[in-house]
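Okay, everyone, let me put the model up on the screen.

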Amino acid sequence: LARAVNASVYSPQLVASRYGSKPLKVAGRAFQIVFNLGSFGLKLLWEQRNGVADQNKRIRAIELRNIFTKLGPTFVKLGQGLSTRPDICPSEYLEELSELQDGLPTFPDEDAFECIERELGLSLDSIFSTISPSPIAAASLGQVYKARLKRSGKVVAVKVQRPGIEEAIGLDFYLIRGLGFLINKYVDRITTDVVALIDEFACRVFQELNYVQEGQNARRFKKLYADKEDILVPDVFWDYTSAKVLTIDWIEGVKLNDQEAIERQGLNVLDLVNSGIQCSLRQLLEYGYFHADPHPGNLLATPEGKLAFLDFGMMSETPEEARFAIIGHVVHLVNRDYEAMAQDYYALDFLSRDIDVSPIVPALRNFFDDALNYTVSELNFKTIVDGLGNVLYEYPFNVPAYYALILRSLTVLEGLALYADPNFKVLAASYPYFAKRLLTDPNPYLRDALIELLFKDGKFRWNRLENLLVQGKKDRDFSAKEALQPVLKVLLSPDGEVLRNLVIKEAIRVSEAFTLGTISETYRYVPDFLRNLVFNGNAKDPLMMSETERQSIVELRDQVIRIWRILQSSNDFDPSLLLPILQVLQQPEARRLGGRVVGGITQRLAARFLMQLLGA
């Protein structure tokens, strides 16, 4: 921390004061940027006026990607950031910009070694017994050497910042911010505040230049997510870390997009991708702290079969309200409740409260009605993201950075999996996590979402509960105990009157299904002469039920039995788990509930018996 005390922090005032007094330097760089981007803009304008802009979108997107690469690290980072913004860029641009790679040449090794000694205040020989003579990897902001610590003998990765990179990036953001003011003023098509977006992105890039901050990010990420045995996060060696030098564990592994190398180690790419998906969902929806740069180069498959995360320079956080709103959004999507989906965009901070969402509902319906014709296991995540991106681009959305980045993360993981299995679907792999959270999380928002999912028009949808349990059990952290307790608490809470009434009706229906289903099936084994003698000549059916009604009752009974067996088969199921439930059922409200259920069943059976007596 002491070494990083003078690390730069981005602010608009800082870059304005630093570069406002350097007109020649600013003019030279401005000419280079304007020459490249200006010619691109003129082509766009000409094509738009001649009605060929749409058909040439792919060509222009490729051209913009090449321009950003040519303009250097700031624009590579900017392009990578834009590739996650469906509210700003059409889908063709999103795809091309997502392929941007850091392509700068390495800087001299002498400069790197001098930086290490200057930053750490120690000679190279006193720190390392060996260090690679040239970098193992290089990127836009720095390059990495492999070394062995002299004191402990541990093999480490030493990341050294590129000389002068802070000056170059600061100048670029000073100029880009001026361009942002022009876009806000003259480009009506883009409704997002571009200057605010640039400032937010510049803050992230400047944070990435502070390697002490990156080390703290890695430590926090490890504490939150490396508790799972299939996730690996390197340790930071703080004695050999400063604002411009970062020393961490060396991790042996291959990039997640190198399928042949992974398979040579006897590993399965899909297992690693599934680990990445589960970790990404935990990052987004559990703790809200997530890796904001999840491209394949930052994900390694280790020989032990673990998924290693690298490069913690860019991190982001999901607000707590948004975490629950995203899960609620999935529930509304499953229910095809597009009005509620549109309302969710307020909680997700996509729209300001003064914007009317009613025009957005038909667009959501048009897209998702078609997409949801597929089952969850058939849905392609990229198709959903692209379709939703088109909606976001057409309407006045302002997509928060956290949401765009996590969509990119899951899209990258699905893309990696598709190389190994063309039929892989990230939504099918994600669904068990959503099911587990809905069934086990005591948060009131999620409990309401679960009730909304399970009840429709006053009836309980047992098929939905069975599906949630089947999917939830696929998540290794699923607990039958956790799935039962929160539901009972809601049912018997002071605010649970509406739910209690629904449960009473459903308990009557289920109890009747068990009683009548058993009677109906038992009746099949009664001899014909006894049927005629006992049941008033109605040898066919003593319960006066049609075949459709009988099948419906038996199906409901069997479904409830299957659900109970799923709960019983859970690893933590134990008869003693029912003790808290029995204690809850001793409460006065529960006893009144039981009395109303028994009364309802008795009335319905009496009505059927009376119909038999009257020969109705």
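Before I count anything: helices (H or I, at least four residues) and strands (E, at least two) here are DSSP runs, numbered from the N terminus. On that basis the chain has 26 helices and 13 strands. Housekeeping next: this is a predicted model, where local features need pLDDT of at least 70 and side-chain atom pairs count only at pLDDT 80 or more, while totals for chains, interfaces and linings use all residues. Residues are numbered from 1 along each chain as its sequence is written, and side-chain values use heavy atoms, with hydrogens and water left out.

So, how much of the chain is buried? Buried means under 20% relative accessible area, exposed is over 50%, and partly exposed is in between, with a 1.4 Å probe and protein chains only. Buried residues come to 50% of the 616 in the chain. As for contacts, meaning heavy atoms within 4.5 Å, take those with a separation of 6 or more: residues 24 or more positions apart account for 70% of them.

Now the inside. I'm calling a nonpolar core a set of buried Ala, Val, Leu, Ile, Met, Phe, Trp, Tyr and Cys residues joined through side-chain atoms within 4.5 Å. The largest one holds 139 residues, and Phe173, Phe221, Leu256, Ile277, Leu364 and Leu468 touch the most other members. Helix α17, residues 401-420, gives this core its largest share, 10 residues. Apart from it there's another core, of 18 residues, including Phe113 and Tyr240.

On to helix packing. Axes are lines fitted to C-alpha atoms, for helices over the stretch in contact, and angles run from 0 to 180 degrees between N-to-C directions. Take helix α13 (residues 320-334) and helix α18 (residues 426-440): their axes come within 11 Å and cross at roughly 105°. That makes α13 roughly perpendicular to α18, the label for 65 to 115 degrees; under 35 is roughly parallel, over 145 roughly antiparallel, and the rest oblique. From α13 we get Phe324, Ile327, Val330 and Val331, meeting Phe434, Arg437 and Leu438 in α18.

Leaving out residues up to four places away in sequence, Leu446 touches Phe324, Ile327, Arg437, Leu438 and Asp441. Leu446 and Phe324 are 122 residues apart in sequence, yet 6.6 Å apart in space, C-alpha to C-alpha.

Then there's Asp475, in the loop between α20 (462-472) and α21 (480-491). Buried or exposed? Asp475 counts as buried, at 8% relative accessibility. Its contacts, again skipping residues up to four places away in sequence, are Gln278, Pro432, Tyr433 and Lys436.

Last stop, rings. Rings of Phe, Tyr and Trp (its six-membered ring) pair if their centres lie within 6.5 Å; planes under 30 degrees apart are stacked, over 60 edge-to-face, and the rest tilted. The whole structure gives 14 aromatic pairs. One of them, Tyr225 with Tyr287, is edge-to-face, at 5.7 Å centre to centre and 65° between the planes. That pair links distant parts of the chain, with Tyr225 in helix α10 (residues 211-225) and Tyr287 in helix α12 (residues 269-287), 62 residues apart. Tyr225 is buried at 0% relative accessible area, whereas Tyr287 is partly exposed at 35%. Ring pairs also join Phe221, Tyr225, Tyr287, Phe309 and Phe312 into a cluster.
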